[in-house]
Amino acid sequence: MTPDLSVSIGPIKFGRPAMLASGILGISLEVFNRIYRSGAGAVVSKSLSKEPWEGYPNPTIVGIKGGYLNAVGLSNPGAPYFANMIKSNKDVPIIVSLVGSIEDEFEFMVQQFEGCNVAAYELNLSCPHVEKVGLEVGDDPKLVTKIVSRVKSVAKAPVIGKVGLGTTNYLDTVKAAIDGGADAITAINTLRAMGIDVETQRPILSHKIGGLSGPAIKPVAVRCVYEITSKYDIPVIGCGGVSTWEDALEFIFAGASAIQVGSAIGDGWIDVFGNINDGIANYMKKKEYSKISEMVGLAKRF
Amino acid sequence: MQSVSKTPSIRTIEKVIDETPTVRTIIISDSNLANVLPGQFAMVWIPGVNELPMSIMITEENGKAAFTVRKRGVSSTALYDLKVGQQIGVRGPYGNAFDIRDGKIVLVGGGTGLVPLMRLAKFAKPTNDITILMGSKSKDEVFFENLANRILKDKKHQVIVTTEDGSYGERGFVTDVLERLVQNTKFDAIYTCGPEIMMHKIVQLANSKGIFVQASLERMMKCGIGICGSCCMDEVLVCHDGTIFDGKFLASSQEFGHTHRAKSGILENY
């Protein structure tokens with residue numbers, strides 16, 4: 001029997017377990033189509049702001065041992081432009097990532113997507129390198145509750161809060177998102193980090209401090225998924241260093257209902273989605289699982 | 001096997017060549033970049049300023065790589081202004097390479113778009129009969145003519161220079177000269193790099209004549225490795241799937257020759 005690779009994340013359903021993480025390849029509908037065809041269950045857009053943002057000068061992304069450092073600066077064409085671009089989308093499950101600093105901005109942005117085929121909204125409460133948004137919002141649990149509850153009140157699609165590790169205990173941010181009515185949590189974002197070139201003695205990123213992604217952060221992300229799903233009854237999408245089907249299963253055993261893939265595309269390109277699907281399907285056949293949900297949180301037996 | 005670096009390596013500028021009043025070539029030692037395939041590029045870090053995608057220029061010395069830059073914006077001017085002894089960071093090489101066909105080929109370059117074509121000329125097959133068409137605004141801005149003749153001295157070749165003001169070589173645009181050439185001569189392939197409007201005309205011309213054509217494209221690039229998405233064009237990533245695309249794909253593109261993306265990702269018309 002062919003294993004069923006579909007996943008349910010609370011009210012959200014996708015045909016396959018791995019989705020494109022926010023910030024990666026996320027500005028063109030044609031590229032989304034290509035990624036979906038390559039085996040992704042869904043695609044998350046770049047984080048969209050109310051107005052277009054140019055982002056920081058280069059270097060914005062560099063490879064390092066164990067992954068990547070980035071401070072792209074949330075460059076994006078703005079929610080109205082993006083909404084207009086995806087209006088013709090019928091087939092691809094698109095999760096729209098939103099970033100802002102107050103509830104009104106989020107409400108404005110959600111309104112732009114009326115009439116668009118949006119699978120869910122993912123609220124960026126965790127970008128570590130842009131002031132007044134992202135992690136600075138996530139570090140203010142009261143604001144998180146206000147934003148999530150405002151988005152819930154206007155959005156027709158389910159709402160996901162994406163949390164990261166800032167100065168506030170991230171579990172408090174998760175609680176704040178749950179209090180606001182979040183349908184699911186994505187954990188985690190990149191970790192605040194920097195790299196310095198020894199020859200020139202300069203920080204490599206133009207913004208100096210950025211976010212660390214890739215294999216180096218995977219054990220941290222797995223731990224967070226395990227802790228969130230142990231403490232709260234909310235579906236979690238695991239994100240951070242997933243590059244193989246084994247990585248994906250590790251997150252699922254920690255309690256994730258689905259996973260997101262980002263940096264791995266820099267090494268294995270978008271073939272990574274098909275490889276993850278095939279690897280998980282083979283594993284399920286071998287271990288005689290028929291559904292992914294049967295494997296969620298299995299590591300908690302021990 | 002080519003070694004691909006994702007972290008900048010620091011290189012000291014060893015030589016600067018003034019090509020024209022606005023174009024310079026800077027030379028570094030880098031045995032990896034010295035031997036890249038024609039068309040590949042590197043991300044070049046100008047510390048404190050920016051990091052730019054640059055096609056890798058040939059040199060006439062083993063183990064050396066070069067970049068040829070025209071001063072235009074803040075970042076390209078900063079690269080242009082660097083002096084011998086100053087440092088840049090390089091990572092790469094990235095991107096695909098030209099598919100060099102047998103027979104009679106023509107290379108059409110506008111301005112610094114000549115850079116990848118010079119490497120193509122160096123990698124050309126012994127059997128190739130090569131025409132290089134060089135386009136520039138005026139006599140002062142003509143460069144690489146002597147270098148091209150030196151590289152190709154052992155092969156059947158011709159170098160045709162055009163200037164828009166007619167101050168040197170043939171007056172007009174390279175596209176006009178190419179149009180005349182393809183009427184009288186049967187070419188096996190056309191390769192081009194330069195302003196996109198110029199390349200668009202060349203691709204249309206080649207496609208209409210059924211000649212194999214490839215163009216090297218430029219788009220807003222941040223990562224260079226296919227993850228940031230800023231260089232997307234239709235469903236391809238110019239850094240990962242290109243920068244070289246063939247005429248069949250380019251003819252099907254909604255964006256080639258029409259639009260490019262701003263830093264924010266918004267599509268703008270040319």
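In chain B, E4(B) and E5(B) form a hairpin with three residues between them, and B:Gly48 in the turn has a positive phi of about 85°. The model is predicted, with local features needing pLDDT of at least 70, side-chain atom pairs counting only at pLDDT 80 or more, and totals for chains, interfaces and linings using all residues. Residues are numbered from 1 along each chain as its sequence is written.

Strand E4 (residues 41–46) and strand E5 (residues 50–55) of chain B run antiparallel and are joined by six bridges, where strands are DSSP runs of at least two residues, numbered from the N terminus, and two strands pair if DSSP finds at least two bridges between them. B:Ile46 stands opposite B:Asn50 in E5(B).

The structure also holds two cavities of 30 Å³ or more. A cavity is a set of points, on a 1 Å grid over the protein atoms alone, where a 1.4 Å probe fits but cannot get out, and lining residues have an atom within 4 Å of a point; a volume is the space filled by probe spheres set on the points.

| Cavity | Volume | Lining residues |
|---|---|---|
| Largest | about 40 Å³ | three nonpolar, four polar, three charged |

The lining of the largest cavity includes A:Ile27, A:Lys46 and A:Ser75 together with B:Lys222, B:Cys228 and B:Lys263. Among the residues that line the second largest cavity are B:Met134, B:Glu141, B:Phe143 and B:Val161; strand E9 (129–136) and strand E10 (156–163) of chain B are the elements that give two or more residues to this lining, and E9(B) supplies the largest share, three residues.

Conventions: Chains lettered and ligands numbered in written order. Heavy atoms only, no water. 1 Å grid on protein atoms, 1.4 Å probe; cavity = no way out; pocket = protein on both sides within 12 Å on 5 of 7 lines; lining within 4 Å. Nonpolar A, V, L, I, M, F, W, Y, C, P; charged D, E, K, R; others polar. Helix = DSSP H or I, 4+ residues; strand = E, 2+ residues; numbered from the N terminus.
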